[in-house]
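Subject: Model handover and notes

Hello,

The model we discussed is below, with notes on what came out of the analysis. Please read the notes with the coordinates open.

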Amino acid sequence: MAAELQFEHKPKLVLALQDSLLMIARSSRHIIRNRDQLLGTFFQPIMFLVLFVYVFGGAIHTSTGSYINFLLAGIIVQTAAFGSTTTALGVTTDLQKGIMDRFRSLPMFNLAVLTGHVVSDLFRTMISSTVMILVGLAIGFRPHASFTDWLLITGILLLFTLAFSWLSAIMGLIAKSVEGVQWLGFVLVFPLTFASSAFVPTAGMAKGLKIFAENQPITQVVNAVRSLMNGLPVGNTVWLSVVWCLGILAVGIPLSSYMFRKKTTS
């Protein structure tokens with residue numbers, strides 16, 4: 001009885017935070033315990049990095065000197081973008097397996113489950129990014145970033161991952177199956193990552209493709225991270241990256257929250 005009274009007198013914000021932290025811990029444990037997620041977190045980005053460096057490195061000339069210095073930012077952002085689709089997979093799986101119905105019977109914050117999936121993606125991105133930087137250093141990456149630059153890089157990557165994870169949550173609520181999530185994620189992320197400055201300079205692209213590539217969020221984030229890593233002038237790429245991410249968050253959070261409430265209370 002005393003525990004129930006203590007629970008009732010806690011502020012709603014504190015209860016929501018506690019529920020969210022529990023769901024964050026739940027989703028984060030899945031990263032460690034799920035071998036498929038571990039393989040995707042570690043080996044897939046390394047494979048992309050090594051293949052692109054040794055297959056295309058000799059054919060592409062960039063302003064950063066070595067191709068690895070140009071490529072690494074693109075691979076990190078691509079991995080964050082594709083990795084954010086794990087949020088969609090987690091949401092769809094929870095809905096399909098009836099886990100949401102069990103949570104609905106508990107006095108918990110309604111959006112804690114979404115928050116748990118989204119925040120765990122931040123951990124996954126930081127792990128994979130750290131691994132890629134270490135591998136990059138081993139194969140020739142030589143950064144010229146200061147401590148402040150690295151803080152900015154970390155902040156941009158976290159904000160970008162957060163934005164795309166909330167966008168991915170919408171896909172998870174729309175899709176009817178895990179296969180549907182994978183298809184939706186591919187349709188959204190693949191064109192944005194490959195029609196960008198992630199792997200090649202946009203200067204050599206066809207006019208229409210160049211206009212699209214230079215005015216979409218992934219290019220701005222890649223250019224900002226690349227410039228900071230290589231000690232180059234960032235121009236307006238940092239604030240454009242922040243504006244794009246905040247714009248996606250402004251749409252993604254309320255829309256996914258509304259869709260989640262509607263789907264779990266109907």
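Helices (H or I, at least four residues) and strands (E, at least two) are DSSP runs, numbered from the N terminus. This is a predicted model, in which local features need pLDDT of at least 70 and side-chain atom pairs count only at pLDDT 80 or more, while totals for chains, interfaces and linings use all residues. Residues are numbered from 1 along each chain as its sequence is written, and side-chain values use heavy atoms, with hydrogens and water left out.

Overall fold

The protein chain has 12 helices and 0 strands. Of its 266 residues, 47% are buried (buried means under 20% relative accessible area, exposed over 50%, partly exposed in between, with a 1.4 Å probe and protein chains only). Contact means heavy atoms within 4.5 Å. Among contacts between residues at least 6 apart in sequence, 78% join residues at least 24 apart.

Aromatic pairs

Rings of Phe, Tyr and Trp (its six-membered ring) pair if their centres lie within 6.5 Å; planes under 30 degrees apart count as stacked, over 60 as edge-to-face and the rest as tilted. The whole structure holds 7 aromatic pairs. In one of them, F52 and F199 have ring centres 4.7 Å apart and planes at 20 degrees, so this pair is stacked. The pair links distant parts of the chain, 147 residues apart: F52 is in helix 3 (residues 35-56), and F199 is in the loop between helix 9 (178-194) and helix 10 (207-214). Both F52 and F199 are buried.

F186 and F190 form a stacked pair, with 4.7 Å centre to centre and 25 degrees between the planes. These two residues both lie in helix 9, 4 residues apart, about one turn of the helix. F186 has a relative accessible area of 47% and so is partly exposed; F190, at 33%, is partly exposed. One aromatic cluster is formed by F48, F52, F186, F190, F194 and F199.

A charge sits over a ring if NZ of Lys or CZ of Arg is within 6 Å of the ring centre and within 35 degrees of the ring normal. R226 lies over the face of F70, at 3.6 Å from the ring centre.

Nonpolar core

A nonpolar core is a set of buried Ala, Val, Leu, Ile, Met, Phe, Trp, Tyr and Cys residues joined through side-chain atoms within 4.5 Å. The largest one has 49 residues, and L71, F160, I218 and V225 have the most contacts inside it. Helices that each supply at least two residues of this core include helix 3, helix 4 (67-83), helix 8 (147-174) and helix 12 (237-265). Helix 4 gives the most, with 11 residues. Leaving aside neighbours within four places in sequence, L71 is in contact with L49, F52, V53, A198 and F199.

Helix packing

Axes are lines fitted to C-alpha atoms, for helices over the stretch in contact, and angles run from 0 to 180 degrees between N-to-C directions. Helix 5 (residues 85-96) and helix 8 pack at about 35 degrees, with axes 7 Å apart. Residues of helix 5, including A88, V91 and L95, meet residues of helix 8, including A169, G172 and L173.

H61 lies in the loop between helix 3 and helix 4. H61 is exposed, at 71% relative accessibility. The C-alpha atoms of H61 and P201 are separated by 8.7 Å, although the two residues are 140 residues apart along the chain.

Regards
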